[in-house]
Amino acid sequence: MLWLIIQHLRHYSEPLFQRFIVRIIFMVPMYSICSFPSLIHPSQAIYWTTVRDCYEAWVIYNFMSLCLAYVGGPGAVEVKMHGFLLLPSCAAGTCCLPPLPVNGRFVRYTKQMALQFVLLKPILATLTLVLYSTGHYTEGDWAPGNAYLWITIFYNLTYTIALYGLLLFYLGTHELLAPFKPLLKFVLVKAVIFLSYWQGLFISIATSAGAIATAEDGVNLQSWLLCVEMLPAAIFMLFAFPWKEYVVAGGNISGGNITHAISIRDVVTDTVHQFAPAYHDYVLYSDGAHKQAVPPKTESSQQQHADLLMNMELGGVSTWTKSSSGPPAPGQTESEVGDDFRRVGSSEDQQLAGPDFTRSDEQEELPQFASKYLAREDEDAQEDAEASGWDQRHTLLAMLARAAKEAVKAASGLRAYASASGGLPPRKVAVLGAAGGIGQPLSLLMKLSPYVSELALYDIAGTPGVAADVSHINSKAAVKGYAGEDQLGEALKGADVVIIPAGVPRKPGMTRDDLFKINAGIVKALVEACGKHCPKALLNIISNPVNSTVPIAAETLKRLGVYDEKRVLGVTTLDVVRAKTFYAEKAGLDVSKVDVPVVGGHAGVTILPLFSQAVPNAANKLNDADIDALTKRTQDGGTEVVQAKAGKGSATLSMAYAGALFADACLRGLNGDPDVVECTYVASTITDAPFFSSKVKLGKNGVEQIFGLGELSAYEAEGLKALMPELRQSIQKGEDFALEKQ
């Protein structure tokens with residue numbers, strides 16, 4: 001188990017999930033550590049049992065938090081399960097309950113049921129020690145005058161409430177949890193904690209009945225059984241919480257990883273969050289990231305809790321604004337096969353095809369659930385509940401738009417735009433995936449561009465609201481939002497540049513192959529629509545993995561007979577932005593005057609910054625170790641951001657900035673600017689890979705000239721040699737996918 005924990009800490013690429021996983025896995029060594037001394041020294045068993053009991057409570061909290069993180073947070077449940085009820089069922093143990101709406105309050109109440117155990121367990125354990133030391137507590141003594149009877153009854157009550165809360169949460173969200181294979185995790189954690197407790201209770205009853213000779217023999221039996229049972233538990237932990245799905249290049253244990261995993265700040269703030277009266281109507285947004293707080297009902301209440309709200313670690317509270325067209329349907333992760341998206345869970349038999357299921361980078365799919373435990377509630381009642389339940393006056397995007405507008409106004413020369421743009425030709429830009437974490441700030445930045453006269457924002461849902469928000473910015477571009485497959489063609493019609501950030505980030509439980517299939521299908525469907533509605537547009541592909549999605553786009557357009565290799569471009573600008581920033585910081589240079597070409601691909605070791613060709617050259621300031629460190633930091637920039645955000649987000653803002661820079665460069669090329677040179681991933685012959693990222697000249701027809709690599713240092717030559725096999729494999733994978741799905 002310690003080896004498994006070390007592997008998770010070494011590859012701590014998803015802190016939001018792995019923080020909880022590490023704590024849960026440590027339950028096995030903790031049980032063993034506490035049980036073995038109890039077996040050797042039975043007189044000390046009560047002390048070791050107290051330590052174990054407290055850790056049990058800790059694990060209960062972490063398991064529920066992990067499940068909640070998997071589904072995206074309480075806000076994700078609110079949005080995706082909107083309108084669904086958990087039905088009474090004898091099989092599920094809910095026959096005595098009325099139909100329960102699966103919403104933010106449902107999550108709050110079930111989490112409170114688990115948290116009460118977390119709070120009461122240490123209190124009862126401490127009370128047990130006090131009573132034991134004063135002679136009022138004797139293990140196995142069921143006499144009414146002995147505290148053992150009453151503490152056992154209370155323990156059973158809190159255990160049952162916590163277990164029932166977890167069961168309700170699982171029943172209400174099992175469709176959302178299905179992609180993460182929760183059953184083994186659920187059974188394993190419950191078996192270790194609850195069955196071991198009831199096992200000890202049964203042994204205590206057997207001792208009182210005379211089936212076991214003495215209380216000490218009963219304690220010894222329980223300790224021995226736990227030591228034995230932890231072996232199969234450890235084996236099952238390897239399968240329930242594997243570490244390999246978190247592996248990224250350059251994984252290494254750091255003090256920050258360990259500190260983040262063992263910190264108890266999250267449970268403290270979450271406990272306040274769950275039980276404080278000020279949060280009666282709270283909802284967290286689906287990605288679990290830090291958000292602005294929902295303003296309470298009164299000004300005085302808002303002022304009173306302002307400091308607390310601003311310091312919530314587990315993600316702030318945010319309003320959820322219902323669009324005029326109604327809320328989206330509940331979400332579900334799909335497995336993609338060809339052009340079709342196969343629903344996971346009880347809806348596997350239903351095939352859903354086409355770009356209607358294109359997702360923005362942080363957005364879940366929107367199918368209908370089919371479950372014997374869930375049913376839709378009446379739509380009218382649902383709308384009434386929404387109208388009375390949520391304050392819709394504030395949105396994060398509105399604040400972001402205002403802040404960005406003021407920042408650009410204050411630093412008017414930051415993006416080097418011309419002050420007068422009246423002579424520029426009209427240009428239409430379409431953003432596909434505009435409601436996601438990258439899409440929203442990217443849409444805002446494109447609205448600020450003087451080269452854009454018409455901005456079309458498309459996603460499966462949410463874009464009318466994003467478009468309305470962005471349209472209030474006082475720049476010249478006219479903005480319109482489009483949602484759903486039937487509006488995709490209109491969004492693309494007449495577009496000069498199409499930017500595609502749509503896709504999903506990789507999540508635990510999802511293999512790299514699963515991620516590839518989902519994003520590959522998304523890109524293929526969108527590019528096919530581009531080929532039909534705007535075949536002459538420049539395609540800026542951001543969706544990962546770019547090393548494979550660009551070849552997919554090429555093969556898709558070839559099949560339609562509209563492929564022009566000069567117009568299909570993979571956006572690798574973020575690698576350049578990072579290389580410039582890191583190089584300037586290390587060399588002490590003005591970053592605005594720095595240029596660093598980055599070649600190869602757009603993933604891990606395929607990213608090769610050419611610092612030997614950097615301008616200005618700082619060879620006298622940097623040694624070989626510095627260059628190696630800068631290279632690896634550029635390659636692992638995404639992981640650095642994920643870890644810095646503690647798993648609550650990814651490199652969405654910097655990616656949006658880089659995407660806007662590259663789109664502007666494409667527009668300037670289309671407008672006839674003669675000196676537009678950028679690095680981009682395109683069809684290329686400068687290496688034996690059919691696609692490669694290098695400096696290109698952009699013009700009226702897209703890529704007008706591809707520049708060679710120039711003179712490479714020995715280090716860079718070795719890096720080029722090392723990246724080629726992985727790059728060729730990624731390209732082949734993309735081409736094979738496109739060809740087999742024709």
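Leu184 is partly exposed in this predicted model, with a relative accessible area of 32%. The residue is found in helix α8, which spans residues 182-208. Leu184 also belongs to a nonpolar patch on the surface, formed together with Trp3, Leu231, Ile235, Phe236, Leu238 and Phe239. The accessible area of these residues together is about 730 Å². Helix α9 (residues 215-240) contributes the largest share of the patch, with 5 residues. Leu184 can be a member because its 32% relative accessible area passes the patch threshold of over 30%.

**The chain as a whole**

The protein chain has 742 residues, of which 55% are buried. Its secondary structure comes to 25 helices and 17 strands. Among contacts with a separation of 6 or more, 76% are between residues 24 or more positions apart.

Helix α3 covers residues 27-40, a run of 14 residues. From its first C-alpha to its last, α3 reaches 20 Å, close to the 20 Å expected at 1.5 Å a residue. The buried residues of α3 are Met27, Val28, Pro29, Met30, Tyr31, Cys34, Ser35, Pro37 and Ser38.

Helix α4 (residues 45-71) contains Asn62. Asn62 has a relative accessible area of 0% and is therefore buried. Apart from neighbours within four places in sequence, Asn62 is in contact with Phe20, Arg23 and Ile24.

Leu119 lies in helix α6, residues 104-133. At a relative accessible area of 38%, Leu119 is partly exposed. The C-alpha atom of Leu119 is separated by 9.3 Å from that of Trp58, although the two residues are 61 residues apart along the chain.

Strand β10 is made of residues 497-500, and both of its faces are covered. Val497 and Ile499 are buried on one side, and Val498 and Ile500 are buried on the other. In a regular strand the side chains alternate between the two faces of the sheet.

Two neighbouring strands pair with β10. Strand β7 (residues 428-432) runs parallel to β10 and is joined to it by 3 bridges. In this pairing, Val431 stands opposite Ile499. Strand β11 (residues 538-541) also pairs with β10 in the parallel sense, over 4 bridges. Here the bridge partner of Val498 is Leu539 in β11.

**Salt bridges**

The structure holds 14 salt bridges. Three of them are set out below, with the separation of nitrogen and oxygen.

| Arg567 | Asp564 | 3.2 Å |

In the pair formed by Arg567 and Asp564, Arg567 is buried, with a relative accessible area of 11%. Asp564 counts as partly exposed at 26% relative accessibility.

Lys632 counts as partly exposed at 44% relative accessibility, and Asp628 counts as partly exposed at 24%. Elsewhere, salt bridges with shared partners join Glu528, Lys532 and Arg559 into one network.

Methods. Residues are numbered from 1 along each chain as its sequence is written. This is a predicted model: local features need pLDDT of at least 70, side-chain atom pairs count only at pLDDT 80 or more; totals for chains, interfaces and linings use all residues. Side-chain values use heavy atoms; hydrogens and water are left out. A salt bridge is a side-chain nitrogen of Lys or Arg within 4 Å of a carboxyl oxygen of Asp or Glu. Buried means under 20% relative accessible area, exposed over 50%, partly exposed in between (1.4 Å probe, protein chains only). Contact means heavy atoms within 4.5 Å. Patches are made of residues with over 30% relative accessible area and no salt bridge: like charges are joined within 9 Å, nonpolar side chains (Val, Leu, Ile, Met, Phe, Trp, Tyr) within 5 Å. Accessible areas come from the Shrake-Rupley method with a 1.4 Å probe; for residues, only the protein chains shown count as cover. The expected span of a helix is 1.5 Å times one less than its number of residues. Two strands pair if DSSP finds at least two bridges between them.
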